[in-house]
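The tour below moves from the whole chain to single side chains, one selection at a time.

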Amino acid sequence: MTAIAQSTTPRTSRSVPRFRLGGVGMSALSLTLGVLVWELVGRVFALPFFPPFTVVVGTLMEMIGRGDIVGNLAVSLSNLVAGFTISLVIGVVVGTAMGRYWRVRAALGVYVYALLTAPSLVFAPIFFSIFGAGQGSIIAVVVMYSTFVMIINTASAVQNVPASMLEMGRSYGASEWQLVTRVIVPAALPTMLAGIRLGMGRAVLGMINGEMFIAVTGLGRLVTQAGKSFDGAAVLAVLIVIIVVALGAVGLVQMVDRALTGWVPDTSKEKS
């Protein structure tokens, strides 16, 4: 009996089919289930401000056909690119200085943490009075939303560079500039890019808030107009476009991440 049991056990384990989903497959399955739940809730409850997914997609196609999406999307993307570029430069430079030099960290840390936790939109009237009701104010709001999270992540990444790497650089006669540019920044890059991804997500949020509450332009203008007319389908249609923009922007940062940190082992990336 023992021999028979031992011979049958492996056959049972082989006969059970196993389905394994990768990351892309799991994401596709999750999105499909989300769309089905959205469609079901919209059909069953018939809420006026939460129409079914198919109705929202139909409204989105109509808006694209009228030319409402493309032009406003171009305006929003220009605001996003300009604001995020400024945030990236400030975040990397100031964050590296704070992580490397304790005097800079002591002098700026209180301001960085205070501005990170403060509601960024309360600064909109100040930007409005300085830059006027135009693109400058929207870009300033984007910078306000996305800069400080990148500063803090960059400073933390620089502080966590192993001291042994710095000692090795000094033993080879590296100057302070060479240590920062050739040792510290490359070693801190995986964690820095994680903060840059967070900054990109916050930049999209700042772009929409700035366009809705300051200049009323771009995709924010479409959301405002649809909200004033109580058009729930149009609001959700523009929201879909905003989500696609956010996912595309974060995906672009991830592509840059893989290109720049391909030399880092996967286990080290998971830790960061």
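Residues are numbered from 1 along each chain as its sequence is written, and side-chain values use heavy atoms, with hydrogens and water left out.

**Whole chain**

Colour the protein by pLDDT, the predictor's confidence in each residue on a scale from 0 to 100; the mean is 85, and 88% of the residues reach 70 or more. Where pLDDT is low, the predicted coordinates should not be read in detail.

Switch to a cartoon view, and the protein shows twelve helices and zero strands, where helices (H or I, at least four residues) and strands (E, at least two) are DSSP runs numbered from the N terminus. Among contacts between residues at least 6 apart in sequence, 73% join residues at least 24 apart.

With a surface displayed, the accessible area comes to about 15,800 Å², of which 70% belongs to carbon and sulfur atoms; such areas come from the Shrake-Rupley method with a 1.4 Å probe, and for residues only the protein chains shown count as cover. Of the 272 residues, 35% count as buried, meaning under 20% relative accessible area, with exposed meaning over 50% and partly exposed in between (1.4 Å probe, protein chains only).

**Helix α5**

Select residues 102-117, the 16 residues of helix α5, which at 1.5 Å a residue should span 22 Å, in agreement with the 22 Å between the end C-alpha atoms; the expected span is 1.5 Å times one less than the number of residues.

**Salt bridges**

The count comes to five salt bridges, each defined as a side-chain nitrogen of Lys or Arg within 4 Å of a carboxyl oxygen of Asp or Glu.

Start with Arg 43 and Glu 39, whose closest N and O atoms are 2.8 Å apart. Both residues lie in helix α2 (residues 23-45), four residues apart, about one turn of the helix. An α-helix has 3.6 residues a turn, so residues three or four places apart point the same way. Arg 43 is exposed at 52% relative accessibility, whereas Glu 39 is buried at 18%.

Move to Glu 176 and Arg 100, whose side chains meet in a salt bridge (2.9 Å, N to O). Glu 176 lies in helix α9 (residues 176-215) and Arg 100 in helix α4 (residues 68-100), so the pair ties together parts that are 76 residues apart in sequence. Glu 176 is partly exposed, with a relative accessible area of 32%.

Finish at Arg 197 and Asp 257, a salt bridge with its closest N and O atoms 2.7 Å apart. This pair links distant parts of the chain, with Arg 197 in helix α9 and Asp 257 in helix α11 (residues 232-260), 60 residues apart. Show the surroundings of Asp 257 and, not counting residues up to four places away in sequence, the residues touched are Leu 193, Arg 197 and Gly 262.

Notes: This is a predicted model: local features need pLDDT of at least 70, side-chain atom pairs count only at pLDDT 80 or more; totals for chains, interfaces and linings use all residues. Contact means heavy atoms within 4.5 Å.
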